[in-house]
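Please look at the model below before reading on.

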Amino acid sequence: MFTGIVEELGTVAEVVDQGDAIRLTVQAATVLEGTGLGDSISVNGCCLTVSELGEGRWTADLMQETLDKTSLRGVARGDRVNLERAVTVEKRLGGHIVQGHVDGVGEVLSRTPSEHWDVVEISLPGDLDRYLVDKGSITVDGVSLTVVEAREDSFTVSLIPETLARTTLGSRRVGDLVNLEADVIAKHVEKLLGAYSPTSTSTHTPENDEEE
């Protein structure tokens, strides 16, 4: 589990194509502190398992499922990526609860710069719009953000100087793809309320009761 607060920008050092998988090696510093084999690190919002550790770098294996459903399928040597270690119980929850399980890939539709921040519009794939509300939370490339305006097939966010400087969102351009993860609490609420929807509730009439 993560919080969506990026700890550092890493650099892709190597991408080894294995046919139906890739081995991804990332140069990093902060996220390697206290990290061991089998630990989890979020890369652009995708939870990956550390399979190899080296001097100033670490490696993960990405299976076909990950390549099919995230923007990491297009990652290349030299790319900068957002990195965050799994949260610990003593860490402040500065963002929101993030699982590192990407729900879909969105596209940057527009950027509107102002003096101190950028307003960015991002497309919403599939039916993810039902999980978004104004002032709710969404994860974009591993960054916990507040939704400014939730629309039917897109949403907007405001990127403050800290986000622009410390994450890849500062350099994302119109047409770039980003990983999206909706708020897991919204998903649980949807499932729980679904049990009380008319389509899932059995019909009960007095005629159905057993006579004594």
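A residue is called buried under 20% relative accessible area, exposed over 50%, and partly exposed in between, using a 1.4 Å probe and protein chains only. The model is predicted: local features need pLDDT of at least 70, side-chain atom pairs count only at pLDDT 80 or more, and totals for chains, interfaces and linings use all residues. Residues are numbered from 1 along each chain as its sequence is written, and side-chain values use heavy atoms, with hydrogens and water left out.

Most residues other than glycine have a negative phi.

| Residue | Phi | Relative accessible area |
|---|---|---|
| Asn 44 | about 50° | 4%, buried |
| Lys 135 | near 70° | 62%, exposed |

Strands here are DSSP runs of E with at least two residues, numbered from the N terminus. Asn 44 lies in the loop between β3 (40–43) and β4 (46–54), while Lys 135 is in the loop between β8 and β9 (137–140).

Which elements give two or more residues to the lining of the largest cavity? A cavity is a set of points on a 1 Å grid over the protein atoms alone where a 1.4 Å probe fits but cannot get out, and lining residues have an atom within 4 Å of a point. The count is 1 cavity of 30 Å³ or more. The elements in question are β7 (104–113), β8 (118–123) and β11 (154–159). Among the lining residues are Val 108, Arg 111, Ile 122 and Leu 159.

Conventions. On a 1 Å grid over the protein atoms alone, a cavity is a set of points where a 1.4 Å probe fits but cannot get out, and a pocket is an open set with protein on both sides within 12 Å along at least five of seven lines; lining residues have an atom within 4 Å of a point. Grid points are joined across faces, edges and corners, and a volume is the space filled by probe spheres set on the points. Helices (H or I, at least four residues) and strands (E, at least two) are DSSP runs, numbered from the N terminus.
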